[in-house]
Amino acid sequence: MAQVRFESVSKRYGDVLALHDLTLAIADGEFLVFVGPSGCGKTTTLRLLAGLEPVTTGHLYIGDRRVNDLSAKDRDIAMVFQSYALYPHMSVYENMAFSLELQGLGKGEIQQRVQRAAQQMELEDLLQRKPKELSGGQRQRVAVCRAIVRNPAVFLMDEPLSNLDAQLRGQARVEISRLHRELGSTLIYVTHDQVEAMTMGTRIAVLNQGRLQQVDTPQALYRAPSNKFVAGFIGSPAMNFLAGVLVETDDLLWFKAEAVSFPLDRTTCPGYQRYLGQPVICGIRPEDIHDAHYVPTGLVTSPLQGKISALERMGNEVIVYLTLGDRQTYAARVDRRSALALGETGLFAVNTRAIHLFDPDTEIAIAAQGAP
Ligand SMILES: Nc1ncnc2c1ncn2[C@@H]1O[C@H](COP(=O)(O)OP(=O)(O)OP(=O)(O)O)[C@@H](O)[C@H]1O
Ligand SMILES: [Mg+2]
């Protein structure tokens, strides 16, 4: 087990700056997830840590050791790659035992470790099979087991579930989380799937174009995204954004756009004065737009009318797509009993205490209204 620390780490491939000035400390035993769109630098970050690529500038620490110049095999790290490439001619047992044999461990010790890992991942009955005789999910579990048996200080996993179907992914998510709790090792996990990130990580680090955007617990990232990128990336359907201005009339603060205006709670918008009369971007999560007939009690809401351009009845909820005067489409997640119908103009209620505001130039959050 070990702490991992990035200190101003950058990685350049020719003209491409794949990772820019990453500073981040990952605690011993933590489950940290890197998430971000394709090409944002996730795999690069893991490869630097594993010692498969040299760092361009900055310092990398595992435990108290600076590892920039330490070879991959001396870093006490096991990596599960996206393409988990099992050795096809070896049995499951041999696949798992192979790296331990290379380390020169005795037969008894190897057998013990393999048995224990196989038990943890429910592979005991499959140890004599060849990879081609396994399902995709079983192969994926073998790949994870191959990392576990090495008992490393740090696990790195690069999109290990991307080849699985939805149901198996769900199961594998639970298994990996359980495994992390049992092993207590530091686990650094890469995904572009925000559901995986939200459900598995103790903390999530959001990357975009090689730059760390925000790192926090899943709940804090969702509730108080520090910029528009994070706000739009975490959450599905994504947060709705409207361009408008911030104005003060009588005793109220308002967000005004072409098609709508919302009163805001000034006490949760520190520093709003600077933006009075100025353009701002308003962010509203789909679940904060309710069917006006089904508004949970106790909410402070403001009305909104929209023409319904699409409806997805999910059973437990309805996703409604509406257009406002500005012709943009917005998503609302409304009560499953909603009788809203395609083509009609629906009446909605926006939870104004849950509105986010962003600076249109820097895209930094001005205020997260911090509603429950
Ligand atoms: N060996 C390389 N040579 C040149 N450019 C590279 C190399 N490896 C990665 N890159 C570039 O660095 C950037 C980050 O790549 P990286 O593989 O880390 O992205 P990623 O976040 O893992 O994306 P994905 O979700 O698609 O796997 C990309 O622009 C990529 O094209
Ligand atoms: Mg990648």
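Helix H5 (residues 166–183) comprises 18 residues and reaches 26 Å from its first C-alpha to its last, close to the 26 Å expected at 1.5 Å a residue; the expected span is 1.5 Å times one less than the number of residues. The structure is a predicted model, in which local features need pLDDT of at least 70 and side-chain atom pairs count only at pLDDT 80 or more, whereas totals for chains, interfaces and linings use all residues. Residues are numbered from 1 along each chain as its sequence is written, chains are lettered from A and ligands numbered from 1 in the order in which they are written, and side-chain values use heavy atoms, with hydrogens and water left out. Helices (H or I, at least four residues) and strands (E, at least two) are DSSP runs, numbered from the N terminus.

Gly184, with a positive phi near 70°, follows H5.

An open sheet of 6 strands has the order E6-E7-E8-E3-E9-E10, with mixed pairing; two strands pair if DSSP finds at least two bridges between them. Strand E6 (77–80) and strand E10 (211–216) stand at the edges with a single partner strand each, so one side of each is left without a neighbour in the sheet. Neighbouring strands of this sheet are turned by 15° against each other on average, direction ignored. Axes are lines fitted to C-alpha atoms, for helices over the stretch in contact, and angles run from 0 to 180 degrees between N-to-C directions. E6 and E7 pair in the parallel sense over 4 bridges, and Ile77 stands opposite Val154 in E7. H4 packs on the sheet and touches E6 and E7, its direction making about 175° with that of E6.

A polar backbone atom of Gly39 is 2.7 Å from an oxygen atom of the ligand. For Gly41, a backbone N or O atom lies 3.0 Å from an oxygen atom of ligand 1. In the side chain of Thr43, an N or O atom is 2.8 Å from a ligand oxygen atom.

Glu53 is found in the loop between helix H1 (42–50) and strand E4 (57–62) and counts as buried, at 18% relative accessibility. Leaving out residues up to four places away in sequence, Glu53 touches Lys11, Tyr13, Arg47 and Leu48. The side chain of Glu53 makes a polar contact with that of Arg47 at 3.4 Å. A polar contact is a pair of N or O atoms within 3.5 Å; within protein, one must be able to donate a hydrogen and the other to accept it, and residues adjacent in sequence count only if both atoms are side-chain atoms.

A further open sheet, of 5 strands, has the order E15-E19-E16-E17-E18 and antiparallel pairing. Its edge strands, E15 (289–291) and E18 (329–334), each pair on one side only.

Note on methods. Contact = heavy atoms within 4.5 Å. Buried < 20%, exposed > 50% of the residue type's maximum accessible area, 1.4 Å probe, protein only.
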